[in-house]
Each structure stands twice: as C-alpha cells, then as structure tokens.
Amino acid sequence: MKKVFLNLLQQPITNSYLINTKSSTLKKEFFYNLSMIINLSNFLVSIKKPVNPKIQYTDIYAHRASQSKTMNLSFKKIAEKLKKKFRPKLTMEIGSNDGVFLKNFHKKEIVAVEPCKNLAQITNRNGYLTYDKFWDTNLARKIIKKRGKIDLIYSANTISHIPNLKEVFKAISICLNHNGVFVFEDPYIGSVLKNNSYDQFYDEHVHVFSQLAISNLLNPHKLKIIKTEILSTHGGSIRFYVAKKDSKYKISKSVKKIYDSEINLKLNKFSTYKKFSLRVQNSKKQLMKLLKKLKKANKKVISYGATYKSATIFNYCNIDKSLINYVVDTTKNKQWKYTPGKHLLIKPPIDMIKEKIDYAFLGAWNFSKEIMAKEKKFIKNGGKFITHVPKVRIIK
Ligand code: TYD
C-alpha cells in the first residue's frame with residue numbers, strides 16, 4: 001500500500017531556468033504537484049506522480065557536476081578507491097554528466113550513459129564513449145554486445161532519478177559480470193529526516209532511498225547488497241555496493257549495522273514520515289517569519305546557490321522577489337537566467353559584495369563549508385548566512 005505523507009504543493013521542473021520573464025515565457029512554464037509517498041510493502045519513498053523524464057533530461061540540461069571543487073575531489077577519491085579494490089577491466093558509469101568521474105579512467109576502460117545530449121556531447125568529444133540514451137534493458141544488451149559484460153558499474157545521483165527501478169535493476173543484472181560490482185549512491189532518506197531537509201524532494205529525485213527499500217527491490221533480480229556506506233555528500237547520501245547473489249562476495253557488517261539503525265529510526269513506519277511532515281510545515285513557518293522580519297528591518301537578503309533544492313523551498317514557502325532580492329551562483333550557464341517558479345534573477349556571487357548584501361540564505365547548504373571559505377569578503381563586510389537545516393537560523 002502506498003500512502004502520501006507530505007504535500008509540497010505545485011512545483012516547477014527544477015532544472016528549467018527561464019531566459020526571461022515575458023508573459024509568453026511564463027505561460028509555458030510547467031508545474032506539477034509534488035506529493036511524497038511511502039510504499040508500505042517495500043518502504044520506498046517516492047514522488048506520487050513523477051514528471052516524464054523526457055521533459056526533464058533535455059539537450060539544455062544545466063547542472064554541471066564539475067562546478068564544485070568538493071565534487072571533483074569526491075569523484076576522484078571514489079574512482080581511485082573502486083579501481084584499487086575491484087581492479088575492473090571494464091567500467092561503466094550511468095549518468096556521467098560532464099565527465100567528472102570518467103576523467104579518472106583511461107578512455108578505453110570505461111563506457112558512459114548520459115541521456116542529456118548536451119552533456120553526452122562533451123564527454124564524447126573528450127574521447128569517452130557515451131551513449132546518449134536512458135538506462136534500460138535494451139541499452140544494456142546493446143552495450144554488452146559491443147563491449148562484453150561489465151566488471152564495475154558506478155552511478156551517482158542518477159538511479160534515484162529513474163521512475164522504473166525494476167527495469168533499472170533488471171538491466172544491471174543483464175550486463176554485470178558474475179563477480180562484477182554495481183556501486184551507486186543517492187540522497188539518503190535517513191539524512192533527510194534527521195536534517196529536516198525536505199528540499200531533497202524535487203522532480204528529479206523520484207525516489208529517496210533507504211537500505212530497507214533497496215534490499216527489497218534487488219531481491220527479485222538475484223542481486224544483494226554486500227556493503228553500505230553513509231556519506232556526507234549532497235547533505236547526506238547512501239552508497240550501496242551490489243553484487244549477484246551467487247557471486248564470491250560476502251556481506252559486510254555495515255549492512256547489518258545500517259539495517260539496525262534504520263529499524264531504530266523507524267524507517268519502516270508510516271508515523272515516522274507523518275511526524276517529519278509536521279516538522280516540515282514548522283520549518284516553512286519559521287523561515288517565513290525570519291525573512292519577513294529581515295524585510296521589515298530593511299535588510300538586503302539574497303540566496304546563495306541556484307540549486308534545485310532551493311526551488312522546492314521557494315515554491316513551497318511562496319518566497320519571491322518581495323523577500324529575496326536575487327540568487328547568486330558560480331555556474332555560468334545559470335547566471336542571468338531566472339529560477340523556476342518564483343523567477344528570481346541569478347547573478348554571479350561578486351554582485352553580493354558590490355551591493356552590500358546583509359544576509360544570504362544557503363540554497364546550497366550542502367556546500368556551506370566551501371562557500372564560507374570562498375566568501376570571506378562577504379563575511380568580513382558583516383554579511384551573514386541563513387540556513388534551514390536542521391533548523392531555521394542565522395549562522396553565527
Ligand atoms: P547542487 O549541490 O548540485 O544542488 P542541487 O542538486 O540542489 O541543485 O548545486 C550547487 C549549486 O551551488 C550549483 O549551482 C553551483 C553552486 N555553487 C556556487 O555558486 N558556489 C559554490 O561555492 C559552490 C560550492 C556551489
């Protein structure tokens with residue numbers, strides 16, 4: 001049985017930054033209802049009615065994973081770790097974005113899958129064979145016909161974007177070598193509940209995983225989790241190491257440990273999600289109260305990071321130009337566009353120094369350390385950051 005536990009109202013597609021705010025442009029903007037459900041038979045948390053992926057992953061897809069130093073470093077680290085541990089002859093990445101993981105491999109030792117044509121073009125141009133297709137069983141068969149079975153499959157922040165997980169895992173089991181390993185990482189529902197980070201829910205995060213849910217979903221495909229890691233990336237992620245049930249791999253202690261912690265957190269109980277939903281409603285109230293107070297005191301407030309996450313917040317809380325002057329972001333192809341739904345202008349971060357901004361809401365709170373280290377001048381001039389995780393507050 002599937003039950004709704006949270007309604008985040010009408011939301012736009014987070015990656016659809018607007019090039020202008022003419023009424024003809026606004027008329028075409030797509031909105032959908034973002035309601036979150038829990039499937040009480042396998043404990044998977046998902047969007048009730050996901051958006052059609054063909055509308056989301058287009059040839060103007062804006063996100064570039066290599067924009068952040070933190071992400072470059074973390075992909076380098078995991079690539080080195082996996083190469084050392086599994087010594088794969090052939091690796092595949094699903095959702096290769098602009099090649100931030102691929103570049104740690106020799107071009108002949110890795111194949112990539114990336115449905116956004118603009119991104120696939122970048123990595124193909126750089127010599128990494130990239131299929132600009134959605135991951136499914138047809139593509140899996142095509143790839144093994146050309147390259148043979150795969151020793152290591154890696155995917156970051158992609159599997160949770162795919163509505164049909166049955167098809168995903170079936171395709172994995174088709175092309176994974178007998179002793180091959182599939183490693184994937186995505187935002188963790190345990191961290192969302194702990195941080196009250198309801199902004200992890202947006203159109204692309206069709207599901208937010210727990211180990212409970214993934215082990216239930218892998219079972220029919222004769223796949224097992226051999227190891228699990230909880231990560232700090234993206235404000236709390238979970239990394240699964242998956243292998244065939246009859247492969248040589250034993251199950252590490254981490255799996256039992258995380259199973260126990262999830263039972264302890266009551267991730268298998270509807271009431272847990274319902275309580276979380278009340279905390280989300282309170283978070284909205286607190287944030288609105290703070291922003292209105294700052295507005296009344298004539299403070300200049302902006303948001304830092306034109307993130308997908310902040311689109312959920314702005315649209316759910318109804319935060320527009322009257323409360324937040326604009327958004328800053330270092331990504332060139334986001335600058336001088338407008339945020340989806342609430343249409344805040346995106347500028348380069350230098351503008352918040354020039355314009356003597358008082359407060360910056362951390363839309364990219366998962367990078368707060370990197371941002372604060374970078375924006376010393378803003379802080380020195382008396383600028384302060386605001387966050388909503390785990391509670392709404394001004395960071396002292
Ligand atoms: P990301 O973490 O991918 O969040 P989401 O998945 O919710 O979009 O996005 C981080 C954004 O923050 C990205 O647009 C780049 C921007 N950014 C800055 O502008 N300055 C920085 O110092 C960092 C680290 C990121």
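Predicted model: local features only at pLDDT ≥ 70, side-chain atom pairs only at ≥ 80, totals over all residues.
A polar contact is a pair of N or O atoms within 3.5 Å; within protein, one must be able to donate a hydrogen and the other to accept it, and residues adjacent in sequence count only if both atoms are side-chain atoms. Residues are numbered from 1 along each chain as its sequence is written, and side-chain values use heavy atoms, with hydrogens and water left out.

**Ligand contacts**
- An N or O atom in the side chain of K334 is 2.6 Å from an oxygen atom of the ligand.
- K309 uses its backbone: a polar atom there is 2.9 Å from an oxygen atom of the ligand.
- The protein buries 96% of the 560 Å² that the ligand exposes when taken alone (Shrake-Rupley method, 1.4 Å probe).

**The shell around the ligand**
- Two or more residues each come from α11 (308-317) and α13 (368-374); helices here are DSSP runs (H or I, at least four residues), strands are E runs of at least two, and both are numbered from the N terminus.
- The largest share, 3 residues, comes from α13.
- The shell has 18 residues, near meaning that a heavy atom lies within 4 Å.
- Y308, D329, T330, K334 and K374 come nearest to the ligand.
- Domain 1 (7-31 + 297-395) and domain 2 (41-267) both give residues to the shell, so the ligand lies between them. The domain bounds come from an automatic or database assignment.

**Helix α6**
- In α6 (residues 165-175), 8 of the 11 residues are buried, that is, under 20% relative accessible area (1.4 Å probe, protein chains only).
- Among the buried residues of α6 are L165, V168, F169 and I172.
- N164 caps the N-terminal end of α6, with a side-chain oxygen 3.3 Å from the backbone nitrogen of K166.

- β4 (residues 91-94) pairs with β5 in the parallel sense over 4 bridges; pairing takes at least two DSSP bridges.
- T91 has I110 of β5 as its bridge partner.
- β6 (residues 130-131) runs parallel to β5, joined by 2 bridges.
- A112 has T130 of β6 as its bridge partner.

Conventions
Buried < 20%, exposed > 50% of the residue type's maximum accessible area, 1.4 Å probe, protein only.
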